[in-house]
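Please examine the following structure together with its sequence.

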Amino acid sequence: MNVLLAIAALVAVVSTLAVILQRTAVHALLYLIVSFFALAVAMLALGAAFAAALEVVVYAGAILVLFVFVVMMIGSEGPIPGPGAWIGPALLAIVLLGELAYAFVARPALLAPMAGSAAAAIPPKEVGLALFGPYAICAEIAAFLLLSGLVGAYHLGRRDASPADGGRAGGGPA
Amino acid sequence: MNAQSLELALGLAAVLFVIGLAGMIARRSLVFMLLCAEIMLNAAGFAFIIAGARWGRPEGQAMFIFLLVTAAAEVAVGLALILRLSASLSASLSGKLKDLDADEIRSGGA
């Protein structure tokens, strides 16, 4: 049994349950960040280091920051969050940090659980070679998707034109 | 990867997906529903990682990256829509929006 994976799974389930049980969106976002960290540790335990880094950088670092921006802009719906809301997520994150530190310092073998078997840890180089080799067309399509998402978000997020403008700025040629 | 790790990881992915689905059904706030969609997408991506690790192939992580791109685009457009709704209609509760009746929404969901 992979202890690293088991503890990360426990933290992930607890924090994700806490996400959907929170009353205010900001608290839910805190717990969701911890949940993504826990999943990143689980991916590390599975030998997918590149995906673990992307989970932290893109999911917790970029997508959830978007959520934080929107929650700040539209305001919180629930009661005003009091002090001390950070204690729960901080405790879970400390569990993850201790787990990672233990794995790195004491037992590096935990991070390469599949080294002895047929399936070893997959380095980022192989992922990049697959991404821009046989799946290059998929990478291009993903770029198109990101561009369309950018244009769509810009178009939807634009402020309404003034009524004197005839509302033409809202949706193309009127 | 031994069988126990495989079962544990796949069970984790399934549990996370179910939690996200339950939240999507139970919560009424649009922001929370988008969060739960993120949880479900993330669980599906984790399942791809598990499959890639099981067979020792990089395709699992490549697919996870494509899923990441999809999630980013979805969140950008979804959050722009939520901002738009909350700015113009002051209705971020999906309960007010379920009938898609513009007059009713504008009048505050009476």
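Student: Which ipTM and pTM does the model score?
Tutor: The structure is predicted rather than experimental. For chain B, the average pLDDT is 83, and 78% of the residues score at least 70. The scores for the model are ipTM 0.84 and pTM 0.83.

Student: How many helices and strands does chain A have?
Tutor: Along its sequence, chain A reads α-α-α-α-α-α. The secondary structure of chain A therefore comes to six helices and zero strands.

Student: What share of the contacts in chain A, among those between residues at least 6 apart in sequence, joins residues at least 24 apart?
Tutor: Chain A has 174 residues, of which 36% count as buried. Among its contacts between residues at least 6 apart in sequence, the share that joins residues at least 24 apart is 67%.

Student: How much area do chain B and chain A bury between them?
Tutor: An interface is often sized by the accessible area lost when its parts come together. Here 56 residues of chain B are in contact with 62 residues of chain A. Carbon and sulfur atoms account for 79% of the buried area, and the area between the two chains is about 5100 Å².

Student: Which three residues supply more than any other three of the area that chain B buries against chain A?
Tutor: The buried area between chain B and chain A is about 5100 Å². Of the part that chain B buries, 12% is supplied by a trio that exceeds any other three residues: B:Gln61, B:Phe66 and B:Arg84.

Student: Which helices hold A:Phe36 and A:Tyr59?
Tutor: Both A:Phe36 and A:Tyr59 are buried. Their pair ties together parts of chain A that are 23 residues apart in sequence, because the two residues lie in helix α2 (residues 25–45) and helix α3 (residues 49–74), respectively.

Student: Over which ring does the charged end of B:Arg27 sit?
Tutor: B:Arg27 is among the residues touched by A:Gln22, a list that also includes B:Phe32. A:Gln22 is in the loop between α1 (3–21) and α2 of chain A, and is buried because its relative accessible area of 17% is under 20%. The charged end of B:Arg27 is 3.8 Å from the centre of the ring in question, that of B:Phe32.

Student: Which residues of chain B does A:Thr16 touch?
Tutor: A:Thr16 is found in helix α1 of chain A. With a relative accessible area of 0%, A:Thr16 is buried. Leaving aside residues up to four places away in sequence, A:Thr16 touches A:Ser35 and, from chain B, B:Leu16, B:Ile19 and B:Ile39.

How values were computed
Residues are numbered from 1 along each chain as its sequence is written. Chains are lettered from A and ligands numbered from 1 in the order in which they are written. This is a predicted model: local features need pLDDT of at least 70, side-chain atom pairs count only at pLDDT 80 or more; totals for chains, interfaces and linings use all residues. Side-chain values use heavy atoms; hydrogens and water are left out. Helices (H or I, at least four residues) and strands (E, at least two) are DSSP runs, numbered from the N terminus. Buried means under 20% relative accessible area, exposed over 50%, partly exposed in between (1.4 Å probe, protein chains only). A charge sits over a ring if NZ of Lys or CZ of Arg is within 6 Å of the ring centre and within 35 degrees of the ring normal. Contact means heavy atoms within 4.5 Å. pLDDT is the predictor's confidence in each residue, from 0 to 100. Buried area is the accessible area (1.4 Å probe) that two parts lose on being put together, summed over both.
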